[in-house]
Amino acid sequence: MKNKALFHIARRGELPWLKAWLIRGAAILLALLVCSLLMVLVTGLNPFDVYATMAYGVFGTARKTWVTFQKLAVLLGISLAVTPAFKMRFWNIGAEGQVMIGALACAAVMITLSGVITSNVVMILLMFIASLAAGALWGFLPAFFKSRWNTNETLFTLMMNYIAIQLCAFFIILWENPKGAGQIGIINAKTELGWLPSLAGQQYLIPILVVAILTVLLYVYLKYSKHGYEISVVGESERTARYAGIKVERVIVRTMVLSGAICGLVGMLLVGGTDHTLTTTLAGGRGFTAVMVSWLAKFNPIGMIFTSFLLVFLQLGAKEIASVFFLNESFADILTGVILFFIIGCEFFINYKIEFLKISKEA
Amino acid sequence: MEPVKNAVKMVGLTKHFGSVVANNAINLELHEGEILSLLGENGSGKTTLMNMLSGIYYPDAGQIYIHDKPVTIGSPKDAFANGIGMIHQHYKLVDVFTATENIILGLNEKGRLNLKEAGRKIKEISNKYGFEINPEQKVYDMSVSQKQTVEIIKVLYRGADILILDEPTAVLTPQETDKLFAVMRNMQKDGKSIIIITHKLHEVLEVSDRVAILRKGEYIGDVLTKDADQQSLTDMMVGRTVSLNINRPEPVDPKPRLEVKGLTVYDELGVKRLDDINFTAYSGEILGIAGIAGSGQRELLESISGLYPIAEGEIVYHNPKSEKDENLVGMDPMTITKAGISMAFVPEDRLGMGLVGSMGMTGNMMLRSWRNGKSFFVDKKAPEQLANEIWRDLEVVTPSTNFPVRRMSGGNVQKVLVGREIAQNPAVLMTAYAVRGLDINTSYTIYNLLTAEKMKGVAVIYVGEDLDVLLELCDRLVVLCGGKVSGVVDARTTNKRDVGVLMTRVGGNEHEK
């Protein structure tokens, strides 16, 4: 026989988690190796210097470390938000818009009520409610249409992104400060009204803590609550869900409202906690990156801490080496691409094994 | 007698899946021009063995000989190169393609695509073996048996002379099965060698020359069909003597439990699926529903359990506790449960409706109990306990109660489902094709469980396809034909022929008891 297949791909049974993590570790090492080769061949730089610089960019100073954790919190927060919907196999790619609309609602409260309300606590409470409600609405609409008329949620949520971003653009011009600047500038710069307070002298600590608590809550919600069980069953099969007496439409709408509300909350953390302004690039594509974070962690909120850290590390590290070594930003993108390729690719080896055929000798 | 030549010879074939030995040093021979039945319980390794022959799995050890030449089969392509073609249980056809397009799909013939020539060749094959097929017909317009025909022609077209049929009759009506067997005999006359996997012993006895038996991954032996009968085959398969008689005690104190009156439903395309259905299910009896597949069985059970929109009619439930009557029309499964009506339902689509494939036994037990208690959180203890009981009592083969049920064998999946439904202590128990695809031993386990429920005073509704079983297991039969009741008969006094007539008689006289 000619053209004999030399290997065969077979599905693995359950792999012990230790072995799975060994494979993942090996993949990262391999990725670093390939990146090193690239660096030496293309730029002639010492790869160890480059990696050290990346690490410096992420943890080099106290300030850098806080920025890292702040960025981690934002990405993790959005990833947590999309997860319940994904577990339900509701392909919500509208997190970007849900964050933006939450941020817009937050900014609206801060700007329009700055003359009316003087108490910081009341202000923050109102911001919180407004952002949550706006995000929830952005989650509710596609879910409602899906459950009523079976519209395609992927297209619907994608379109909602543009609506949210355009609304932001409109209001930025409406509220521009100073006039003609084309941007809002720092909101309530003098009074700091509606700014989330610093905790222990750290400006970013509150957003970080909020997301940390959220992670635990969502983990418990998905794993142990009745709602979490309903989400898993609906995700697996709507027919089974109906059979078990689960009201599928209600679960879809409820879960998307939750998903959207968490996004709205992240929008508020961004405006009230860190940026204190509203720009159209506030979410900066993280609504889409979050999809990858959630998938990579297989929808496990605890796992998402690691996957979102990985992505933040790559992003900040890449920025650092680009500026230190005067490298084109594209080179940093190449490194990020290589590393992600290996990490995502190794999942194949966790799920499948390759069996090499023992070619039998003629008997 | 001339010496037999082997079309296939397997020596010491072994296959492990993790720690499970699916096949242990199997030696099997298929003679040229013979029909061999491969018999074994669920999970005995029949399909694994055949998958190694057709290139889907690669053996861990052992050697395959085709026409006495050692070969290495590493892919389905290799299998085809050796003239081996397998017809799987689940058809792999492109719905929007015609028969011809499906048949030539994946063939790398030189030159331009010549559909006409292919169609001619297909006609030729059909005439030779007696298939009825229209090469221009699209797959989505085909019945299950026509799709199967396409699958068989597909492998013949590729020049296979060794055919493997994995449970080909599971989805066919008796008439279609007869046709298939006639085709198989024609192929045999033409010198093809055939392996057929089936659970139905009477078919084994009818169609095959020889029977090979597997049990728990081991090769038990083979026997010439003419020297075998149902009892001897069962004993070899199970490893001990099994009674093949279904015990049917007289119903004790039957009382009306569920009354269906004038039930009419339409599907989403507006086609009438049930037309003025009337019958009563009594407590303490098994009411069989007979009919050709698609005569409204699924719609009937789903209507009763609140999963199908009802256009007209009443479904009256006589509550044995409160002695109250309740009309179930307009209730969904949640309201039915909340009203204190304990109805259990084993649907036809086990993994798509009755169970959650990715969850383990415990998670699946929770499908019925997840709402219990006021807590925001689910109670996992009681379901875990129930899962363990079912695991033990029904001898479910699974590594743990958290092992995804999707990856269990068919019989075990059904044990989990039936076990859970019975554990609800239902007043009405409905089952749809409860033993489809199950081996003899598991089937009898299910029959005994249903009879035990009947003796507890449950009204059991049993939708079945095997008339022999329906007549032996049930007390009364409702025969459906085209969405109408064509007769209600006493299963003890009627016979297969009469029921067969009712099954094909549209709009027969109702209520002839």
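In chain A, 78% of the contacts between residues at least 6 apart in sequence join residues at least 24 apart. Two residues are in contact if their C-beta atoms, placed from the backbone, lie within 7 Å. This is a predicted model: local features need pLDDT of at least 70, side-chain atom pairs count only at pLDDT 80 or more, and totals for chains, interfaces and linings use all residues. Residues are numbered from 1 along each chain as its sequence is written, while chains are lettered from A and ligands numbered from 1 in the order in which they are written.

**Chain A**
- Chain A has 13 helices and two strands. Helices (H or I, at least four residues) and strands (E, at least two) are DSSP runs, numbered from the N terminus.
- Its C-alpha atoms fill a box of roughly 95 × 60 × 35 Å along the principal axes.
- Of its 363 residues, 42% are buried. Buried means 20 or more other C-beta atoms within 10 Å of the residue's own, exposed means 12 or fewer, and partly exposed lies in between.

**Arg215(B)**
- Arg215(B) belongs to strand β9 (residues 210–215) of chain B.
- Arg215(B) is partly exposed because 17 other C-beta atoms lie within 10 Å.
- Leaving out residues up to four places away in sequence, Arg215(B) touches Gly40(B), Glu41(B), Ser44(B), Ile220(B), Met237(B) and Gly239(B).

**Where the chains meet**
- 30 residues of chain B are in contact with 25 residues of chain A.
- On the chain B side, α2 (76–81), α10 (333–338), α11 (350–354) and α12 (361–369) each give two or more residues.
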